Amino acid sequence: MKSMLVDYDEKTDVITSKDAVKEEPWVSVCRRFNDDVHRLRNVSGMGNFTGLYECFDDDNTRTYFIVEEDEGLYRLRRKHFLEKIGT
């Protein structure tokens with residue numbers, strides 16, 4: 001699962017990629033933001049990337065990433081959901 005840092009304008013609903021930004025593994029992005037990530041919407045026309053996510057740091061600063069979602073992400077979400085049941 002790959003991800004890429006982007007700029008997102010909520011008012012106009014426009015996603016723009018930043019210059020010279022490298023793709024990075026989505027799992028490492030989630031760890032960096034302590035799993036405080038939320039899916040906002042579907043993405044089309046940006047290569048293989050299919051979802052827009054917002055991530056929050058410790059100061060609640062928003063950062064946006066587009067993610068190439070695959071079956072592994074859905075399994076990871078399900079596992080994380082099941083781990084939280086009963087806590």
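Biologist: Is A20 buried or exposed?
Modeller: Bear in mind that this is a predicted model. A20 counts as exposed because its relative accessibility is 82%, and the cut-off for exposed is over 50%.

Biologist: Where does A20 lie?
Modeller: A20 is in the loop between strand 2 and strand 3, the latter being residues 24-25.

Biologist: What about the phi of A20?
Modeller: That phi is positive, near 55°, and A20 isn't a glycine. In general, most residues other than glycine have a negative phi.

Biologist: OK, on to N34. What's the phi there?
Modeller: N34 has a positive phi of about 55°, and it's not a glycine either. You'll find N34 in the loop between helix 1 (26-32) and strand 4 (37-42).

Biologist: And is N34 buried or exposed?
Modeller: N34 counts as exposed, because its relative accessibility is 55%.

Biologist: Changing topic: how do strand 1 and strand 2 run, and how many bridges join them?
Modeller: They run antiparallel, with four bridges joining strand 1 (residues 2-9) to strand 2 (residues 14-17). If you want one partner to click on, V6 is bridged to S17 in strand 2.

Biologist: What do strand 1 and strand 2 form, and how many residues are between them?
Modeller: They form a hairpin with four residues between them. Have a look at D13 in the turn too: its phi is positive, about 60°.

Biologist: Now the rings. How many aromatic pairs does a search of the whole structure find?
Modeller: Four aromatic pairs. One of them is W26 with Y53, a tilted pair at 5.0 Å centre to centre with 50° between the planes. That pair links distant parts of the chain, with W26 in helix 1 and Y53 in strand 5 (residues 51-56), 27 residues apart.

Biologist: Are W26 and Y53 buried or exposed?
Modeller: Both W26 and Y53 are buried.

Biologist: And why is the pair of F33 and F65 edge-to-face?
Modeller: The planes of F33 and F65 are at 70°, so the pair is edge-to-face, with the ring centres 6.1 Å apart. The angle cut-off for that label is over 60 degrees. This pair links distant parts of the chain as well: F33 is in the loop between helix 1 and strand 4, F65 is in strand 6 (residues 62-67), and they're 32 residues apart.

Biologist: Are F33 and F65 buried or exposed?
Modeller: Both F33 and F65 are buried.

Biologist: What do W26, F33, Y53 and F65 form?
Modeller: One aromatic cluster, made up of W26, F33, Y53 and F65.

How values were computed. Residues are numbered from 1 along each chain as its sequence is written. This is a predicted model: local features need pLDDT of at least 70, side-chain atom pairs count only at pLDDT 80 or more; totals for chains, interfaces and linings use all residues. Side-chain values use heavy atoms; hydrogens and water are left out. Two strands pair if DSSP finds at least two bridges between them. Helices (H or I, at least four residues) and strands (E, at least two) are DSSP runs, numbered from the N terminus. Buried means under 20% relative accessible area, exposed over 50%, partly exposed in between (1.4 Å probe, protein chains only). Rings of Phe, Tyr and Trp (its six-membered ring) pair if their centres lie within 6.5 Å; planes under 30 degrees apart count as stacked, over 60 as edge-to-face and the rest as tilted.
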